Amino acid sequence: MAELSNQLMALTVLAYLAAMVCYAGEYAFGKRSHIGKAALVGAGAPVPEHAPERDRGELVGRIAVALNLIALTLHLATTVTRGIAADRMPWGNMYEYILSTALIGSAVWAGVLLRKPAVRHLGLFASLTLVVLLGAAALVAYTPVGPLVPALNSYWYVFHVSTIIVSSGIFLVGVVPAAMFLIKNGWDAGKRSFPYTLGKRVGDAGALERLTFRLHAFAFPLFTFGALIAGPLWAEASWGRYWGWDPKEVWAFISWIVYAAYLHARATPSVKRTTATWIAIAGFVTMLMNLFGVNLFFEGLHSYADAG
């Protein structure tokens, strides 16, 4: 099962990569293909002369979505077979954590995509993020299947780690419309240098900003429970204290503060939406620091990067 999981992992990355290429094709050559000829006809609007080009872009976009769903299925199979091989939930080390977090992110993106087809143009950046994360997991964090370290043998393992994984996966998806909102907003303001040129084919900036907020507002309570309630309760049960300023605890708290600041800024009328969105992106940077920096470069009670 462990070898099967590894093989499925390779196929998963290739499938996401193929989806990314198709998304890129639609993004580059589809002439705003997320609108589509069918939508224009359905609305009673005249179809412009370049409608056939839009149809080609629509076809490439649909292929991208199909590949994305195939990749998600392979990703799920990779994670499940890893858990079967280990005879436990596949969250015991850095490799498995990234694998599971990326799976949640991919599933959430698929849900957003099926519910809001107009945001399909974001697929290029969502699939790119998944390819980079899974590639980093395979190349930097891979660990052979093994038993849990003793400190993780607790029922709190499920409550704490699962909520952190789910919330992190949603934050992973949330950073994509956040970044594209800033790029689109800059393009609309007349900026024509890179990366603002990427905003030429992106949809409405307001819709991107609202999607960013909804994803973060949904993930934040889960992250709060996992990081600041379940985590300290588990720490007290395992180590006899609720909080010890361990590096991962510190960075989780920093992430919580930054995301709370984003939601507060987003709810404050006097704060510009661009300013609030920059805070959301800063929150994701702290999450990456907690995932990679703390695990690889700091020693602490949460140092499970190489745990089996």
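User: Where does Trp 245 sit?
Analyst: Trp 245 is in the loop between helix 7 and helix 8. Helices here are DSSP runs of H or I with at least four residues, strands are E runs of at least two, and numbering starts at the N terminus. This is a predicted model, where local features need pLDDT of at least 70, side-chain atom pairs count only at pLDDT 80 or more, and totals for chains, interfaces and linings use all residues. Residues are numbered from 1 along each chain as its sequence is written, and side-chain values use heavy atoms, with hydrogens and water left out.

User: What is phi of Trp 245?
Analyst: Near 55°, which is positive, and Trp 245 is not a glycine. Most residues other than glycine have a negative phi.

User: Is Trp 245 buried or exposed?
Analyst: Trp 245 counts as exposed, because its relative accessibility is 57%. The cut-offs are under 20% for buried, over 50% for exposed and partly exposed in between, with a 1.4 Å probe and protein chains only.

User: How many aromatic pairs are there?
Analyst: The count is 11. Rings of Phe, Tyr and Trp (its six-membered ring) pair if their centres lie within 6.5 Å; planes under 30 degrees apart are stacked, over 60 edge-to-face, the rest tilted.

User: Why is the pair of Trp 243 and Trp 245 called edge-to-face?
Analyst: The planes of Trp 243 and Trp 245 meet at 85°, with ring centres 5.7 Å apart, so the pair is edge-to-face. Trp 243 is partly exposed, at 27% relative accessibility.

User: And Phe 253 with Trp 256: how are those rings arranged?
Analyst: Stacked, because the planes of Phe 253 and Trp 256 are at 5°, with centres 6.3 Å apart. Both residues lie in helix 8 (residues 247-267), three residues apart, about one turn of the helix. Phe 253 is partly exposed at 29%, and Trp 256 is partly exposed at 23%.

User: Which residues do ring pairs link into a cluster?
Analyst: Phe 220, Trp 243, Trp 245, Phe 253 and Trp 256.

User: New topic. Which rings have the charged end of an Arg over them?
Analyst: Trp 187 has the charged end of Arg 192 over its ring, 3.6 Å from the centre. Phe 213 has that of Arg 266, 4.3 Å from the ring centre. The rule is NZ of Lys or CZ of Arg within 6 Å of the ring centre and within 35 degrees of the ring normal.

User: Which residues form the nonpolar patch on the surface?
Analyst: Met 89, Tyr 155, Val 158, Phe 159, Phe 225, Ile 229, Leu 233 and Tyr 242, with about 760 Å² of accessible area together. Helix 6 (156-188) and helix 7 (205-239) are the elements giving two or more residues. Helix 7 gives the most, with three.

User: What makes a patch?
Analyst: Residues with over 30% relative accessible area and no salt bridge; like charges join within 9 Å, nonpolar side chains (Val, Leu, Ile, Met, Phe, Trp, Tyr) within 5 Å. A salt bridge puts a side-chain nitrogen of Lys or Arg within 4 Å of a carboxyl oxygen of Asp or Glu. Areas are Shrake-Rupley with a 1.4 Å probe, and for residues only the protein chains shown count as cover.

User: Where is the cis peptide bond?
Analyst: Between Phe 194 and Pro 195, with omega about 10°. Pro 195 is in the loop between helix 6 and helix 7.
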